[in-house]
Amino acid sequence: MLALLALQLGRVVPVDRFFELLWGDQPPAQAKAALQGHIAALRKVLGGTSFTLHTRPPGYLLTGEADDVDLCRFEALAARAEAATQDTEAATLLQQALDLWGGAALADLPDTELRQALAGQLHESWTLVLMAWAERLLRLGSGAVAVPALEQGVRADGLREPLVALLIRCLHQAGRLSDALTTYHQARERLDSELGVTPGPALRAAFAAALSDDLPVAGGAGLGTPGQEPRPAAAQPPAEPHAPVAHAPAAEATEAAGAAGAAGAGEVATPPGTTETAPDRTTAVPGTPPVRAAATARARHLPRQPAGFVGRSLESHWLDQECGPDRVGDGLAVVVGPAGVGKSATVVRWAHTAAEGFPDGRLFTDLRGFDPAGPTDQGEVLTQFLIALGVAESAVPRDPAARAALYRARTEQQRILVVLDNARSAADVIGLLPSGPHCSTVITSRNTLEDLLVTEGAALLRLDALPDGDALRLLERALTADRVQAEPAAAQRLIALCDRLPLALRIAASRLASRPSWTIADLVAELSDERTRLLTLDTQGSVSVRTALTLTYRHLSLTAARLLVLLAAHPGPEVDGHAAAALLGRELRDARRALGELASYHLLTENTPGRYGRHDLVRLFGMELYEEQPAEVRRLTTDRLMDYYLEAARQAADHLDPGIECYGEREHPPLAVPQAGDARSALAWFRPEEPAIRALVMDATADGRYERAWRLARTAESLYYGTGRLNYSLPFLRTGLRAAELSGSQQGMAVLESSCANALFGVDFSMEAVSLARQAVRRTGPSDGNTRLRALYTLALVVANFGDPQEAEQLCARATELSLTDTLPHHRAAVLCYDAAIMNMTGDNRTALVRTREVRRLLADRPAATVHLWAMMTEARALHTLGRSAAAEPLWTSVLATCQNVGFLHLQAVAEQGFADFLLDQGRPEDAAEHLRAAISLHQLHGHIADAVTERLATIESSLTH
């Protein structure tokens with residue numbers, strides 16, 4: 001109902017229209033009453049929004065802000081784009097319009113005729129905007145960017161000639177000539193078979209342009225940078241028809257090829273295998289054509305053994321166990337891994353070693369699951385398999401079901417090894433599995449083929465990059481051991497730059513083999529430039545890392561493909577679903593689905609549950625695609641990411657620093673933020689995210705997003721303190737202060753000056769801490785709220801420790817007075833905590849005790865807040881000084897237990913030292929020494945200077961030995 005009302009925003013929707021949408025032509029007897037009940041419920045849901053639901057005969061009317069309805073925003077953006085005279089502006093507006101779509105329109109509504117009509121209208125709008133966007137991108141020379149979306153559109157509407165023509169033009173501009181021609185021929189055949197017509201003018205013109213190759217090439221996946229000679233990285237000539245069983249491994253099998261590139265990115269034809277005869281063990285299946293009664297074929301169709309193969313002994317042993325002649329497994333295995341890791345080479349080499357254990361034959365086919373020309377036809381594979389198994393070609397059934405039945409019958413009583421290489425999905429292989437209990441099948445894929453694991457119980461082997469030792473052996477075989485051993489450090493660096501992938505290492509070795517005057521260090525220097533690394537890992541033929549990645553990229557869903565590109569904006573080593581959702585501007589479930597898809601294709605690796613990392617070569621591939629995006633898209637992506645981290649860090653920091661400010665509204669509020677339940681989980685979230693947050697603040701300061709930079713620096717301050725990374729936090733906060741200065745924000749400067757003063761105080765640089773704290777106080781006034789409070793009590797603590805308790809008391813008095821007008825109790829708690837610490841220093845322990853107990857009352861619901869824990873330590877010291885040591889010791893143990901549980905490393909070290917002082921006064925030096933040792937270990941964990949603690953421990957230990 002809301003969908004229909006929103007589609008008709010500002011217009012009355014008749015009651016009958018609701019009936020038609022919800023129930024078609026068969027509404028229930030109580031339809032009107034049900035409708036009224038839903039209207040009442042909907043009015044409650046809309047309360048507090050910009051929408052109002054009115055009763056207006058003959059139905060209902062929804063009014064509200066048009067910008068709050070995605071369709072209205074979509075139409076407004078499309079209208080603005082149509083009026084735009086600049087292609088860049090129009091392309092950006094159209095991209096924003098397309099980004100509002102999260103899948104098929106109205107997909108979750110009842111499947112009535114009205115829904116189908118409305119969804120059809122919406123899809124038509126989407127298609128028109130998609131075409132306009134692609135047209136603008138073509139003018140800008142960025143047609144490659146539109147290819148994935150156009151491919152999705154053509155899959156849904158392949159008879160729409162202008163849409164197909166646009167795809168051909170974009171493919172051509174991207175340098176993918178073979179794909180462009182294939183798309184034309186597929187469209188021509190479909191038009192002929194389904195409509196009985198020939199291609200129209202638009203389709204013919206796009207085809208003619210591709211044939212003449214007269215379009216400019218700009219950017220695009222698989223191309224060089226603008227201005228370079230066009231280089232169609234992923235384009236391949238149309239495949240010649242040949243028997244599937246004669247296929248050799250595809251691009252990733254180059255681990256097995258010679259250093260000069262014996263195997264290509266596509267197929268490498270090998271001579272067909274021989275066929276021997278053996279006594280027939282099968283009987284005819286009723287209803288199938290007769291086969292030769294006297295003998296059955298012994299097919300030998302494995303490709304040649306890979307040359308120069310190294311390593312994978314553990315993997316070969318695993319294949320022996322699962323699929324070898326003496327297996328203990330069920331005989332069905334799936335070997336998966338990223339492009340270029342050597343899946344095909346590993347399996348083919350193993351198959352040759354195991355071949356004698358399968359006397360009835362070996363069958364092999366390249367299913368071409370990621371080939372731009374399309375996958376191998378399963379029916380044709382079955383035909384070739386049957387012929388190889390002794391069935392006369394004329395006797396192969398034309399009916400697919402009969403053909404499959406005959407294949408099962410021919411394999412039922414035999415010992416056959418089947419290798420199905422380069423599968424894309426479980427559906428590609430199900431019909432090719434032999435039925436005999438003594439047969440074995442090994443499948444390779446870049447996809448994990450989870451359906452096959454579930455439905456067929458297949459065993460899974462994930463093939464990762466080569467270990468360092470095997471990678472070094474591969475180089476030695478390709479370049480000679482003397483050449484590699486002459487430059488051991490450069491060789492190790494080369495291996496790292498190639499991500500230890502056999503394909504990349506083979507290409508690198510081939511470049512060195514063909515350039516004998518080059519040293520390994522020369523190639524390392526070239527590969528070290530991230531901007532040209534993928535270009536360097538190309539060959540003069542069709543083999544390249546980029547080609548292998550592009551073939552995988554083309555098969556991703558639109559959302560997953562977009563995420564792979566946008567991940568280039570994320571500077572951290574790992575990403576989770578929430579950050580991915582921010583990059584996409586989508587719901588968490590969409591982001592998690594896209595991450596899972598990228599992981600299933602081995603473009604990402606799930607290092608820990610929910611957190612994904614990338615190999616460097618995949619990261620560089622994504623960066624190439626990202627650089628093709630308009631500048632406005634790149635800036636929007638980074639702004640979304642920073643706004644997400646601002647909000648996520650604020651919510652996490654609130655567990656440690658209650659009441660932390662938002663510092664302004666989020667321009668792009670995230671749709672999903674991690675929900676840390678306590679301080680422990682807040683720090684657990686921050687630790688792996690810290691590199692990304694630090695890099696974002698540095699990058700934002702460098703490229704002019706100063707407001708976001710200083711806000712994020714301040715927001716993350718308490719998280720740095722909580723994890724004990726004081727040495728890391730100081731340069732981070734200084735960067736934030738620099739951003740605040742560049743922004744001209746007095747609040748930002750004061751906040752970051754206080755933050756830097758606190759960090760400096762923590763690492764004992766007191767003089768600079770005093771200077772910064774004084775600047776923060778001078779920069780603020782009573783109207784600045786908590787910014788003023790922080791400046792006052794930070795300066796108070798610093799000067800108190802620097803030897804001026806009288807000024808510190810005055811500063812605390814001013815802060816206390818100001819806090820009484822503040823409505824946030826957490827801010828008052830911080831003032832009282834600092835005041836109590838200063839009172840303890842000046843000897844007013846009773847006042848300190850009153851202050852700390854008030855802090856604990858105010859923060860009773862936040863036992864792990866850092867201010868709460870500091871108050872407990874101050875209270876323990878005050879009690880001890882007042883002669884109530886029995887009451888002080890439980891406080892110390894409670895603070896230590898909380899710090900240890902949450903992970904407050906620095907705070908725990910401080911508490912260990914304080915408790916050691918207490919224990920010494922109690923005459924317990926052995927216990928004190930134990931806690932000082934713990935403090936030293938905690939300090940050293942993050943590189944803090946602990947000389948004074950070490951000296952004190954040495955003094956105690958010396959006294960104990962005497």
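The aromatic pairs come to 14, where rings of Phe, Tyr and Trp (its six-membered ring) pair if their centres lie within 6.5 Å, and planes under 30 degrees apart count as stacked, over 60 as edge-to-face and the rest as tilted. F18 and Y60 are edge-to-face, because their ring centres are 6.1 Å apart and their planes stand at 65°. F18 belongs to helix α2 (residues 15–23) and Y60 to strand β3 (residues 59–63), so this pair ties together parts 42 residues apart in sequence. Helices (H or I, at least four residues) and strands (E, at least two) are DSSP runs, numbered from the N terminus.

Before going on, this is a predicted model: local features need pLDDT of at least 70, side-chain atom pairs count only at pLDDT 80 or more, and totals for chains, interfaces and linings use all residues. Residues are numbered from 1 along each chain as its sequence is written, and side-chain values use heavy atoms, with hydrogens and water left out.

Are F18 and Y60 buried or exposed? Buried means under 20% relative accessible area, exposed means over 50%, and partly exposed is in between (1.4 Å probe, protein chains only). F18 has 0% relative accessibility and counts as buried; Y60, at 9%, counts as buried too.

The rings of F74 and W101 are also edge-to-face, because their centres are 5.5 Å apart and their planes are at 75°. F74 is in helix α4 (residues 70–83), while W101 is in the loop between α5 (87–99) and α6 (113–140), and the pair links parts of the chain 27 residues apart. Both F74 and W101 are buried.

Further along, ring pairs join Y644, Y645 and W685 into a cluster. Two of those names come up again in the largest nonpolar core, which has 194 residues and in which L494, Y645 and W685 touch the most other members. A nonpolar core here is a set of buried Ala, Val, Leu, Ile, Met, Phe, Trp, Tyr and Cys residues joined through side-chain atoms within 4.5 Å. What is Y645 in contact with, leaving aside its neighbours within four places in sequence? The list is H570, A579, R650, W685, E689, A692, I693, L696 and L712, with contact meaning heavy atoms within 4.5 Å. There is a second, separate core of 72 residues, and its members include Y60, V69, L166 and L171.

Some rings have a charge over them, which is counted if NZ of Lys or CZ of Arg is within 6 Å of the ring centre and within 35 degrees of the ring normal. R446 lies over the face of F370, 5.0 Å from the ring centre. Over the ring of W518 sits the charged end of R515, at 5.4 Å from the centre.

Now the charged pairs. Side chains of opposite charge can pair when their charged atoms come close. The whole structure has 47 salt bridges, a salt bridge being a side-chain nitrogen of Lys or Arg within 4 Å of a carboxyl oxygen of Asp or Glu. In one of them, R169 pairs with E135, with the closest N and O atoms 2.9 Å apart. R169 is in helix α8 (residues 161–173) and E135 in helix α6, 34 residues apart. R169 is partly exposed at 27% relative accessible area, and E135 counts as partly exposed at 26%.

D639 and R705 also form a salt bridge, at 3.4 Å from N to O. D639 is in helix α27 (residues 631–653) and R705 in the loop between α28 (679–702) and α29 (706–723), so parts 66 residues apart in sequence are tied together. Both of these residues are buried. D639 and R705 also belong to a network of salt bridges with D643, E667, D703 and R708.

Back to α8, the helix that holds R169. Of its 13 residues, 11 are buried, so α8 is largely enclosed by the rest of the structure. Among the buried ones are L166 and L171, two residues of the second core. After α8 comes G175, with a positive phi near 85°.

Last, the whole chain. The protein chain has 41 helices and 13 strands. Buried residues make up 56% of its 962 residues. Among contacts between residues at least 6 apart in sequence, 68% join residues at least 24 apart.
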